[in-house]
Amino acid sequence: NRSSDLRRCGQDRSRPVKTAMTPNQQEQFEMHQFKDFLSTYNRLSEICFADCVNDFTSRNVSSSEDKCMSNCVEKFLKITQRASQRLQEHQTLQMEAMGAVPSPTQPPTKS
């Protein structure tokens, strides 16, 4: 299923990001992020290529293939953005439920 394949291409945003890292830890973290990006890019390329490229008789990309690729990538980006927003909303609600963050509709308490 194409939509489930697109969802699987999203990066794991549930991992906490540490703020105080040693230079070695920072380098490892950045390398891991870069590998995640490359993996996501490769999977997205494979999915969109398989769905959109049908004619191997020409070296040129047809206008329909080009449009299909653009739509595929755009859909992936929109799905990723929406999933990220929903995850952030869910995490905020969980923190509000635990009392760690005041609700946006609730005025902050005075100390």
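How many residues apart are Phe37 and Tyr41 in helix α2, and what separation in helical turns goes with that spacing? In this predicted model, the two residues lie 4 positions apart within α2 (residues 23-52), a spacing of about one helical turn.

The search for aromatic pairs, run over the whole structure, returned 2. In one of them, the ring centres of Phe37 and Tyr41 are separated by 6.3 Å and the ring planes meet at 25°. The pair is classed as stacked because this angle is under the 30 degrees set for stacking. Both residues are partly exposed: the relative accessible area of Phe37 is 45%, and that of Tyr41 is 49%. Phe49 and Phe56 also form an aromatic pair, with a centre-to-centre distance of 6.1 Å and an angle of 50° between the planes, and this pair is tilted. Phe49 is partly exposed at 41% relative accessible area, whereas Phe56, at 62%, is exposed.

Helix α2 also packs against helix α3 (residues 63-98), with an axis separation of 9 Å and an angle of about 140°. The arrangement of α2 relative to α3 is therefore oblique, and the crossing of the two helices is right-handed. On the α2 side, the contact involves Thr40, Leu44, Cys48, Phe49, Asp51 and Cys52. Their counterparts in α3 are Glu65, Cys68, Met69, Cys72, Val73 and Phe76. By residue class, the contact of α2 with α3 comprises 9 nonpolar, 1 polar and 2 charged residues.

Technical notes:
Residues are numbered from 1 along each chain as its sequence is written. This is a predicted model: local features need pLDDT of at least 70, side-chain atom pairs count only at pLDDT 80 or more; totals for chains, interfaces and linings use all residues. Side-chain values use heavy atoms; hydrogens and water are left out. Rings of Phe, Tyr and Trp (its six-membered ring) pair if their centres lie within 6.5 Å; planes under 30 degrees apart count as stacked, over 60 as edge-to-face and the rest as tilted. Buried means under 20% relative accessible area, exposed over 50%, partly exposed in between (1.4 Å probe, protein chains only). Axes are lines fitted to C-alpha atoms, for helices over the stretch in contact, and angles run from 0 to 180 degrees between N-to-C directions. Angles under 35 degrees count as roughly parallel, over 145 as roughly antiparallel, 65 to 115 as roughly perpendicular and the rest as oblique. A crossing is left-handed if the near helix is turned anticlockwise from the far one by less than a right angle, and right-handed if clockwise. Contact means heavy atoms within 4.5 Å. Ala, Val, Leu, Ile, Met, Phe, Trp, Tyr, Cys and Pro count as nonpolar, Asp, Glu, Lys and Arg as charged, and the others, Gly among them, as polar.
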